[in-house]
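This briefing goes through a single protein model by topic, beginning with the sheet and ending with the charged pairs and the surface. Please keep the sequence and the structure in view while reading.

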Amino acid sequence: MSLFITFEGIDGSGKTLQIKLLKEKLENIGLDVLVAREPGGTKIGEKVRNIVIDKNNTEMSYTTEALLYATSRAQLVDEVLKPALAEGKIVVLDRFVDSSIVYQGKVRGLGEELIVDINKYATNGLVPDITFLLDVTPEVSIKRRNKRFNVDRLESEGAEFFQNLRHEYLHLASKERKRIVVINSAMSPNTTNKIISKVLKNRKLI
C-alpha cells in the first residue's frame, strides 16, 4: 500500500516534529515509511538547498528561487519519491509544490499559474494523497523560531511576510478541501499528532 503524505505550513509550525511523531506511529503498526524534506532529500538536492537557504544570497531573484526549488524537487521525485511509492512505501514529505505556490507564486508575486506549470514538469504530475497544513499565527512562528540558534534566508523574513504566507496557505486550503487538511498546531505536539492520526484513520488511509 503506497501513500504520499505532505506537510505544509509557515516556518515554526511544527512540521519537523509532527513528521517524526507520525513516522514513529506508522512504523509501530508495521508500515514501511520513507521521510524526506524539501528542498533536499538527495545529494544534488542538498546542494541546491544550501544555495537557497544561504543568508548571504540576498541578491537571489524570485524567479531563480522558484527554479531552484523546482530543480531540487525534480531530482527528489525521480530519485526517491516515485521509486519508494512504486515499492508500496508510505512517503512523508516536508513541503512540496504547495510551498512553491504560496511562497513564490503568491507572496513573491510570480503567479500561481507559472509555478504550477513549472512544477508539472518537475514532478511529472505527482500529487500528494493528503496534505496536512499546520497552521499557527506569525506570532507563534516567530516565538518558536527565536529559540533556534540559526535561521536561514527565508526564516529571517519579517512578520508581514509570514502573515501573508499564512493567508495564502489558508486560501489554497479552501480551494483544495479534499486534499488539504488544516490543523491548529499551536496545540501540544501530542494533541496535534492524535488529530493527524485520526484523520488518516477516518479516511481509511492507514
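Contact here means heavy atoms within 4.5 Å, and in that sense the elements that cover the buried residues of helix H4 include strand E1 (3-8), helix H3 (62-86), helix H5 (112-123), strand E4 (130-135), helix H7 (159-175) and strand E5 (180-184). The model is a predicted one, and the points below should be read with that in mind.

**The sheet**

- Five strands make up an open sheet, in the order E2-E3-E1-E4-E5, and their pairing is parallel; E2 and E5 are the edge strands, each of which pairs on one side only.
- From one strand to the next, the twist averages 20 degrees.
- E1 pairs with strand E3 (residues 90-94) in the parallel sense over five bridges, and within this part of the sheet Phe7 stands opposite Asp94 in E3.
- Helix H3 packs on the sheet and touches E1, E2 and E3, with a direction that makes about 145 degrees with that of E3.
- E1 also pairs with E4, again in the parallel sense, over four bridges, and here Thr6 stands opposite Thr131 in E4.
- E4 and E5 run parallel and are joined by five bridges, with Thr131 standing opposite Ile180 in E5.

**Helix H4**

- Helix H4 (residues 97-107) is largely enclosed by the rest of the structure, because nine of its eleven residues are buried.
- The buried residues of H4 are Val97, Asp98, Ser99, Ser100, Ile101, Val102, Tyr103, Gln104 and Gly105, and strands E1, E4 and E5 are among the elements that cover them.
- After H4 comes Gly109, whose phi is positive, near 85 degrees.

**Salt bridges**

- Side chains of opposite charge can pair when their charged atoms come close.
- Taking a side-chain nitrogen of Lys or Arg within 4 Å of a carboxyl oxygen of Asp or Glu as the criterion, the count comes to 14 salt bridges.
- One of these joins Arg95 to Asp11, with the closest N and O atoms 3.5 Å apart; since Arg95 lies in the loop between E3 and H4 and Asp11 in the loop between E1 and H1, the pair ties together parts that are 84 residues apart in sequence.
- Glu87 forms a salt bridge with Lys89, where the closest N and O atoms are 3.5 Å apart, and Glu87 counts as exposed, because its relative accessibility is 56% and the exposed class begins over 50%.
- Glu176 and Arg179 meet through their side chains in a further salt bridge (3.7 Å, N to O); Glu176 counts as partly exposed at 31% relative accessibility, whereas Arg179 counts as buried at 11%.

**A nonpolar patch on the surface**

- Met1, Ile29 and Ile206 form a nonpolar patch on the surface, and together they have about 290 Å² of accessible area.

Notes. Residues are numbered from 1 along each chain as its sequence is written. This is a predicted model: local features need pLDDT of at least 70, side-chain atom pairs count only at pLDDT 80 or more; totals for chains, interfaces and linings use all residues. Side-chain values use heavy atoms; hydrogens and water are left out. Buried means under 20% relative accessible area, exposed over 50%, partly exposed in between (1.4 Å probe, protein chains only). Helices (H or I, at least four residues) and strands (E, at least two) are DSSP runs, numbered from the N terminus. Patches are made of residues with over 30% relative accessible area and no salt bridge: like charges are joined within 9 Å, nonpolar side chains (Val, Leu, Ile, Met, Phe, Trp, Tyr) within 5 Å. Accessible areas come from the Shrake-Rupley method with a 1.4 Å probe; for residues, only the protein chains shown count as cover. Two strands pair if DSSP finds at least two bridges between them. Axes are lines fitted to C-alpha atoms, for helices over the stretch in contact, and angles run from 0 to 180 degrees between N-to-C directions.
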